[in-house]
Structures are given as C-alpha cells and as structure tokens.
Amino acid sequence: MTHDPVNHPDHYTSHPSGAECIEIAEWFPFNLGNAIKYIWRNGKKGDQLEDLKKARWYLDREILRLENDIERRESVANGDLDPIRTAWGTVNHE
C-alpha cells in the first residue's frame, strides 16, 4: 500500500496481518473502538505511555457507561423509575 497519511496513515496500516485499524475498530462500540486504536498505534506515533493512558480513559468510560446502564435497568425493574422517562428524560407537557 502506498503511503497516504490522510486515508491510510502508517500508524494504522503497519500491522503484520495487513488489516487496517479502522477495519477492526469500527466493529466495536465507540469507546472500545477508540481504545483499540490507541492500543493498535501504541509506540508508532508519539508517547507510548500517553497512548496507553488514552486507551484506558476510553475503557474506563465504557465501563462507567455499562455500569450506569445496569443501574438504570435495575431501577426500572424495581419500579423506582419510569422506563420512558429514564430513556428520554423528563417530558414537560405544559
């Protein structure tokens, strides 16, 4: 593949498998896909430690999102929250 820093940057196309990072990452939810991108390019562009910290930031964000989803579902199941208002926020019908 020819060097193309916009469409096919080296730090996303250098995997021995021949796969591009985007081909893998876009199969995952946003936060996980971004974590994969930072792990994939680790050490190929900039500071390795910074890339790993960024990957961890996206993983932590995904964990928090999942924990919040679980709490919301449990609250709805327990009758603590109205499922429509939980999903869409409070609706004002004035």
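Is Asp-51 buried or exposed? In this predicted model, Asp-51 is buried, and its relative accessible area is 2%. The cut-off for a buried residue is a relative accessible area under 20%, so Asp-51 at 2% belongs to that class.

The protein chain contains five helices and zero strands. Followed along the sequence, its pattern reads α-α-α-α-α. The chain has 94 residues, of which 20% count as buried.

Helix 3 covers residues 30–40 and helix 4 covers residues 48–77. Their axes come within 8 Å and cross at roughly 165 degrees. An angle over 145 degrees counts as roughly antiparallel, and helix 3 and helix 4 are therefore roughly antiparallel to each other. The crossing in which helix 3 passes helix 4 is left-handed.

Asp-51 can now be placed in this picture, as a residue of helix 4. In space, the C-alpha atoms of Asp-51 and Tyr-38 are 5.4 Å apart, while 13 residues separate the two in sequence. Asp-51 also has a charged partner. Side chains of opposite charge can pair when their charged atoms come close. Here the side chains of Arg-41 and Asp-51 meet in a salt bridge, with an N to O distance of 3.4 Å. Arg-41 lies in the loop between helix 3 and helix 4, whereas Asp-51 lies in helix 4, so the pair ties together parts that are ten residues apart in sequence. What is the relative accessible area of Arg-41? The value is 10%, and Arg-41 is buried. Asp-51, with its 2%, is buried too.

The salt bridges of the model come to four in count. Another one of them joins the side chains of Lys-54 and Glu-50, with 3.2 Å from N to O. Both residues lie in helix 4, four residues apart, which is about one turn of the helix. Asp-69 and Arg-65 are separated by about one helical turn, because they stand four residues apart in helix 4. Arg-65 is partly exposed, with a relative accessible area of 35%. Salt bridges that share partners also bring in Glu-62, so that Glu-62, Arg-65 and Asp-69 are joined into one network.

The surface also has a nonpolar feature. Which residues make the nonpolar surface patch of about 370 Å²? The patch is made by Ile-24, Trp-27 and Phe-28. Among them, Ile-24 has its place in helix 2, which spans residues 21–25. Ile-24 is partly exposed, and its relative accessible area is 33%.

Key: Residues numbered from 1 in each chain as written. Predicted model: local features only at pLDDT ≥ 70, side-chain atom pairs only at ≥ 80, totals over all residues. Heavy atoms only, no water. Patch = residues over 30% accessible without salt bridge, like charges linked within 9 Å, V, L, I, M, F, W, Y side chains within 5 Å. Areas by Shrake-Rupley, 256 points an atom, 1.4 Å probe, with all protein chains shown as cover. Helix = DSSP H or I, 4+ residues; strand = E, 2+ residues; numbered from the N terminus. Buried < 20%, exposed > 50% of the residue type's maximum accessible area, 1.4 Å probe, protein only. Axes fitted to C-alpha atoms, helices over the stretch in contact; angles between N-to-C directions. Parallel < 35°, antiparallel > 145°, perpendicular 65-115°, else oblique. Left-handed = near helix turned anticlockwise from the far one by under 90°.
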